[in-house]
Amino acid sequence: MTTLDATRAELAFVVLYLNKAEARDKICRAIQYGSKFLSNGEPGTAQNVDKSTSLARKVFRLFKFVNNLHALISPTPQGTPLPLVLLGKAKDALLSTFLFLDQIVWLGKTGIYKNKEQADLIGRISLYCWLSSSVCTSLVEVGELGRLSASMKKLEKELKNSDKYQDELYRAKLKKSNERSLALIKSGMDTVVAVGLLQLAPKKVTPRVTGAFGFASSLISCYQLLPSPAKSKAS
């Protein structure tokens with residue numbers, strides 16, 4: 001492969017990634033929380049970037065609540081324990097509510113919705129929904145990791161006389177376990193961010209702490225949205 005071919009392939013990968021609205025949103029989110037970390041709640045350029053990027057992201061999320069509404073009414077995989085099913089549905093319902101209410105917050109920020117006090121109240125309610133959905137996500141991931149761990153141990157016993165890493169099913173389960181572990185870390189970080197935005201623990205979760213956790217969470221989201229090599233080659 002020539003240097004030009006390699007450059008084309010790399011640019012095609014970047015274009016494929018940036019064509020995702022979700023990827024652009026998460027890049028903006030990283031800028032938003034990075035700016036919050038730098039500003040530490042103090043007026044200045046960094047805070048202006050934080051506020052303007054936050055407002056811009058609300059446009060990216062218009063009607064996004066439909067995605068979670070669809071997930072809410074979609075059937076769950078067979079064999080999923082009832083507690084995990086209920087937690088998953090609660091997460092989708094809460095996240096859908098957050099995204100829907102966030103649109104009203106955007107209308108208030110732009111001046112279309114005139115009742116500022118009510119818009120601020122709706123904004124806090126939406127953040128509580130996001131906080132609750134992040135907690136539900138964490139509990140779902142812990143439960144699913146427990147199930148994966150049990151199935152992997154069972155498979156290890158069956159493969160005790162051979163190299164488990166050569167088994168396709170074991171590798172698939174290991175990959176899924178790693179993905180869920182990363183999702184658990186992200187949801188934990190998002191919980192801290194929500195606590196910071198709601199100022200539930202202002203002395204411990206300062207704007208700088210909120211910004212740091214939000215920035216790290218955004219980087220994880222950006223990584224999770226990377227196209228797989230197989231998909232990028234196929235396109």
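A: Patches are made of residues with over 30% relative accessible area and no salt bridge, like charges being joined within 9 Å and nonpolar side chains (Val, Leu, Ile, Met, Phe, Trp, Tyr) within 5 Å. Accessible areas come from the Shrake-Rupley method with a 1.4 Å probe, and for residues only the protein chains shown count as cover. A salt bridge is a side-chain nitrogen of Lys or Arg within 4 Å of a carboxyl oxygen of Asp or Glu.

The model is predicted: local features need pLDDT of at least 70 and side-chain atom pairs count only at pLDDT 80 or more, while totals for chains, interfaces and linings use all residues. Residues are numbered from 1 along each chain as its sequence is written, and side-chain values use heavy atoms, without hydrogens and water.

Val14, Leu18, Ile27 and Ile31 form a nonpolar surface patch of about 290 Å². At least two of its residues come from each of helix H1 (3–18) and helix H2 (21–39); helices are DSSP runs (H or I, at least four residues), numbered from the N terminus. Leu18, in H1, is partly exposed at a relative accessible area of 37% (buried means under 20%, exposed over 50%, partly exposed in between).

H2 also packs with helix H8 (residues 207–224), at an angle of about 160° and with axes 7 Å apart. H2 is therefore roughly antiparallel to H8 (angles over 145 degrees count as such). Axes are lines fitted to C-alpha atoms, for helices over the stretch in contact, and angles run from 0 to 180 degrees between N-to-C directions. The crossing of H2 and H8 is left-handed, the near helix being turned anticlockwise from the far one by less than a right angle.

Notes:
Buried means under 20% relative accessible area, exposed over 50%, partly exposed in between (1.4 Å probe, protein chains only). Angles under 35 degrees count as roughly parallel, over 145 as roughly antiparallel, 65 to 115 as roughly perpendicular and the rest as oblique.
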